[in-house]
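Please look through the structure shown here, starting with the protein as a whole and then moving on to its parts and its ligand.

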Amino acid sequence: LMVKVNQPKADIQPTMWGVFFEDINLGADGGIYAEMVKNRSFEFFRPLMGWAVKRKAEGDVLVVNRKDVNTANPRYLRVTANNASKGDIELVNEGFRGMGIKKDLRYDFSFMYHQQQPGVKLTVELLDANGKSIGGTTITPQESGDAWHKATASFNATATELKGKLKITIEGNGIIDLDMISMFPGDTWKNRPGGMRADMVQLLADMKPGFIRFPGGCIVEGFDLSQRYQWKKTIGPVEERQLLINRWNFEFAHRPTPDYFQTFGLGFFEYFQLAEDIGAEPLPILNCGMACQFNSAEVATLDELDPYVQDALDLIEFANGDVSTKWGKVRSDMGHPTPFNLKMMGVGNENWGPQYVERLKIFTKAIKSKYPDFKLVNSSGTDPNGERFDYLNNELRKMNADIIDEHYYRKPEWFFENAKRYDSYPRNGSKIFGGEYAAQSDKTVSVDNRNCWLTALSEAAFMTGLERNADVVNMASYAPLFAHADGWQWTPDLIWVNNLKSYGTPDYYVQQLFSLNKGNKVVPITLNNDVVAGQDSLYAAAAIDTKTSELIIKLVNASNKAQETSLSLDGVKKLASQGSLTVLQSDDLMAVNSFNDPAKVSPKQSTIKLSGKKINLSAAPYSFSVLRVKI
Ligand code: AHR
């Protein structure tokens, strides 16, 4: 192998490797958004879904609907206690497939209430899977009158439980109205009240992603337009955020009644904050006036498009405007006076056809005339080899699209075979965003898909081709990101979680290794003067990091034999006497990580001795190696 260290070919963008977030597989509600109470505001399809209610008498517990005065959060619970003693009136919440409870951890319980006079006491308890109490407290709401008040109480759990519940017992005399019954663990990310699950955010932070794309995916489009994602409904006080049924209930969930909702406690402000926390560029994707074409194919006519376009313009102001602007002030009032410095946005997700192109043109004109340097990501559908895709690519290139978003959910063979996909792409004009990809060990979205070493290895081979073509490919992200072991609708997924734990798949470690070893300039690596993309089952990319003066070699050996490679370095004055080698390897292509064995396929680091200007690298069978060496 020949590496021409002194002939940098292209810049690698800081955004090259990122993450794609969508509320699918309980990614947000029941996942990274740490709220433990399901249906906290009684707005689900069935108002008491998630709750088991015990009454003393008929009418003790009623769901009241104040639809005319509160359209965002109309329902609340009215509890009438008539000399109720312990055990008479109980509300038990099942959580999202149970509640993960950790021994000795603090739990922050809260609710909103109003009552004409104090008179009732609430006992709050965590229950283990057998119904035994494992911690709790009591609270006697003191405020009275017509206004709503918030009550809070914190307590520690006395045991660990994967599938716990929350029980609220109401005793005494009086009528109390309850809403937004909520509980968060005391160990949220950055200890933010009402925040996110720290272990899940940490897995993202550990990837040092260049960008985070949010909020999806198909949920951007909605099953129909009434169910599209509207960012303005996801900001401000949580009790005023209008929830939406999650599009991912329908097709794949196999549950009798839809129970998957987006409560938007994790909304656009929190997404921007998350991006900032993990050092990633925010990449919001907005609806382009078209619902999911796989579902309803509903479109907004062109003369109805203004509110959609206005949402895009207002989002830029929300992210970047100073406090003198309307939406900049909203952001500032939410606690972030400094701008989020948004530089790009996607218009449409997996939309296609002339209908998409004509809507896109309207968005592009409006956004670019106000913000000429702002970059727009355009969708190119889901079929990387099909006619629909060719049509769109042509149209988008004619429009001089900034960035074209390509999605590929394909077999591992496709990923190996497509390591050269971008070698022949036009070098001028539109850039590529590999916005969603994942190798499928079975059929796309099959329940039998596994995040095994074969899928990860094929992605690593493909990604060497993305990196080699970093002048064309500016961004890429695996999808979907998260899946809850008891609540998923789609496999494979990058990170698996249950109520207590999370782990990265082999695919996660591939993504992480590329991202942590990005470098900033591509340099040529060749075998007999050709790119290394499948000869002897080897795939390679080379980069330099001019800031740290390091050469970074990525080498995939997709064969079942160890391969001795020798790297000749052209243009290196001096090579350090040792380098750092990180290897991801398994002899078993079907190997997977799991809650019990989360690091079965995970990177192993070592130091290798070097001398002269040649590097001898032994690539183990079925391995992905990353070598860093000072030059
Ligand atoms: O990643 C899962 C889904 O795949 C996304 O929501 C959609 O964009 C794609 O079809």
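In this predicted model, buried residues make up 48% of the 631 residues in the protein, where a residue counts as buried if 20 or more other C-beta atoms, placed from the backbone, lie within 10 Å of its own. The model being predicted, local features need pLDDT of at least 70 and side-chain atom pairs count only at pLDDT 80 or more, while totals for chains, interfaces and linings use all residues. Residues are numbered from 1 along each chain as its sequence is written.

The protein has 10 helices and 34 strands, which are DSSP runs (H or I, at least four residues, for helices; E, at least two, for strands) numbered from the N terminus. Its radius of gyration, taken over C-alpha atoms, is 27 Å, close to the 25 Å given for 631 residues by the globule rule (2.2 Å times the number of residues to the power 0.38), so the protein is as compact as a globular protein of that length. Along its principal axes, the C-alpha trace spans about 90 × 55 × 45 Å.

An automatic or database domain assignment gives domain 1 (2-8 + 522-630) and domain 2 (51-185), and the centres of these two domains, taken over C-alpha atoms, are separated by 56 Å.

Turning to the ligand, the residues around it are E22, I24, G216, G217, C218, N349, E350, T382, E436, A479, P480 and W490, each having its C-beta atom, placed from the backbone, within 6 Å of the ligand. This shell divides into five nonpolar, four polar and three charged residues, with Ala, Val, Leu, Ile, Met, Phe, Trp, Tyr, Cys and Pro counted as nonpolar, Asp, Glu, Lys and Arg as charged, and the others, Gly among them, as polar.

Technical notes: A residue is buried if 20 or more other C-beta atoms lie within 10 Å of its own, exposed if 12 or fewer, and partly exposed in between; C-beta atoms are placed from the backbone.
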